[in-house]
Amino acid sequence: MDTPQTPICSAKGCRADARWVLVWNNPKLHTPDRRKTWLACEEHREHLSQFLGVRGFLKEVVAFADWTSEDD
């Protein structure tokens, strides 16, 4: 029987429910229109955003409930 899974945070070792979608792109690897995503819980949102931000990868942060993916 298939059961829906609750999305979990992308932070290493974290098993908390995701509340945020961090949309990013590495311009050295991806075309400008390509969007990758990490999921974040409340606790790891800022840390993951800073990690991507200092590298110039972070494009936007969206509440998980409001996220619609055009890539999926």
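Modeller: The buried residues of α1 are Leu 48, Ser 49 and Leu 52. Buried means under 20% relative accessible area, exposed over 50%, partly exposed in between (1.4 Å probe, protein chains only). Helices (H or I, at least four residues) and strands (E, at least two) are DSSP runs, numbered from the N terminus.

Biologist: Where do they sit around the axis of α1?

Modeller: They fall within an arc of 100° seen down the axis of α1, so they line one face of the helix. The arc is taken over directions from the helix axis to the C-beta atoms. On the other side of α1, Glu 46, His 47 and Val 54 are exposed.

Biologist: What do the buried residues of α1 pack against?

Modeller: They pack against β1, β2 and β3. Contact means heavy atoms within 4.5 Å.

Biologist: Experimental or predicted model?

Modeller: This is a predicted model: local features need pLDDT of at least 70, side-chain atom pairs count only at pLDDT 80 or more, and totals for chains, interfaces and linings use all residues. Residues are numbered from 1 along each chain as its sequence is written, and side-chain values use heavy atoms, with hydrogens and water left out.

Biologist: On to the sheet. In what order do the strands come?

Modeller: The order is β2-β1-β3, in an open sheet of three strands with antiparallel pairing. Two strands pair if DSSP finds at least two bridges between them. β2 (36-40) and β3 (58-63) are the edge strands, each pairing on one side only.

Biologist: How many bridges join β1 and β3?

Modeller: Five, in the antiparallel sense. Trp 24 has Leu 58 as its bridge partner in β3.

Biologist: And which residues make up the largest nonpolar core?

Modeller: It has eleven residues, among them Cys 9, Cys 14, Trp 20, Trp 24, Cys 41 and Phe 57. A nonpolar core is a set of buried Ala, Val, Leu, Ile, Met, Phe, Trp, Tyr and Cys residues joined through side-chain atoms within 4.5 Å. β1 gives the most to this core, with three residues.
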